[in-house]
Protein chains: 2
Amino acid sequence: MLTKLENKLHSEIPMTKLIQLHAKAIDDKKLITTAPLEININDKGTGFAGSLSTIVTISAWSACFLKVEELGYKNSMIAIIKSDTAYRAPVRKNIYCETILPSHEQLEVVKEKLELKGSASLKIKSLIIEDEKTCVEFEGIYVIKV
Amino acid sequence: MLTKLENKLHSEIPMTKLIQLHAKAIDDKKLITTAPLEININDKGTGFAGSLSTIVTISAWSACFLKVEELGYKNSMIAIIKSDTAYRAPVRKNIYCETILPSHEQLEVVKEKLELKGSASLKIKSLIIEDEKTCVEFEGIYVIKV
């Protein structure tokens, strides 16, 4: 599933390939994505805010995409409409991102709305973590149309 | 000034070169930056949210950087600490970003704080505009240390 996701991102969204985004792991609770610091570095030798923002934004999108696919919708349109990001500490190593997957309860609501109205929204949180410290905290709202 | 800025960004922050960010124009009120849609496209054939986010984030940083340099600080450290972004409409053409430069009054406060404490902050707004419509609205808070 993750190889398919990564191939989709790299082939359809060139920037995800340029920043070497990697879909590393997934379990019931979270999706893990990574990217090397080297290509995503800034003038201070730490993770570039633009890269960090890109990684959380596309990782949260990916969490939506995978879960909406699991609901049986193969051709949904998912787009971010709003995000808040806090940059709490510089990132000094390769970038490690944890995206909290929507809960069973959230997905039940989404499923119902998609069936009734053909659209729904999801609020997704992504964190960039280093040495157990949250460096970047992101929350995005994604609209889903089927 | 803009060629120097663009060279600095492209040489120190590889991603700004990858997305072909261009510092196009500046006047008293705003900084204009652009990037081609082609490399910054998504699966829907419109501007990728990660690229759009990167462009507003680094453009607002650049506005801070240029204005802090004008105050006489050549080796400041400027970093984003927080941002809010609203994605209002898809971007279908090459990306055009307007960043509102800090006012004379804002810069007077920054100057005073940098002299007194060695640090200050600036709230900067960047917009991605297409056919006179605001597609993306961003506000970031940047901390400056000298």
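A residue is buried if 20 or more other C-beta atoms lie within 10 Å of its own. In this predicted model, A:Thr57 has 27 other C-beta atoms within 10 Å, so A:Thr57 is buried.

**Around A:Thr57**

A:Thr57 sits in helix α3 of chain A, which covers residues 49-70. Set aside the neighbours within four places in sequence, and A:Thr57 has contacts in both chains: A:Ile80, A:Ser83 and A:Gly140 on one hand, B:Ala49, B:Gly50 and B:Ser53 on the other. A:Thr57 and A:Ile124 are 67 residues apart along the chain, and their C-alpha atoms are separated by 9.4 Å.

**The contact between the chains**

Chain A brings 29 residues to the contact, and chain B brings 29 residues. On the chain B side, α2 (14-18), α3 (49-70) and β3 (77-87) each supply at least two residues.

**Strand pairing**

Strand β3 of chain A (residues 77-87) pairs with β3(B). The sense is antiparallel, over 5 bridges. Which residue of β3(B) stands opposite A:Asp84? B:Asp84 does.

Notes: Residues numbered from 1 in each chain as written. Chains lettered and ligands numbered in written order. Predicted model: local features only at pLDDT ≥ 70, side-chain atom pairs only at ≥ 80, totals over all residues. Contact = placed C-beta atoms within 7 Å. Helix = DSSP H or I, 4+ residues; strand = E, 2+ residues; numbered from the N terminus. Pairing = 2+ DSSP bridges. Buried ≥ 20, exposed ≤ 12 C-beta atoms within 10 Å, placed from the backbone.
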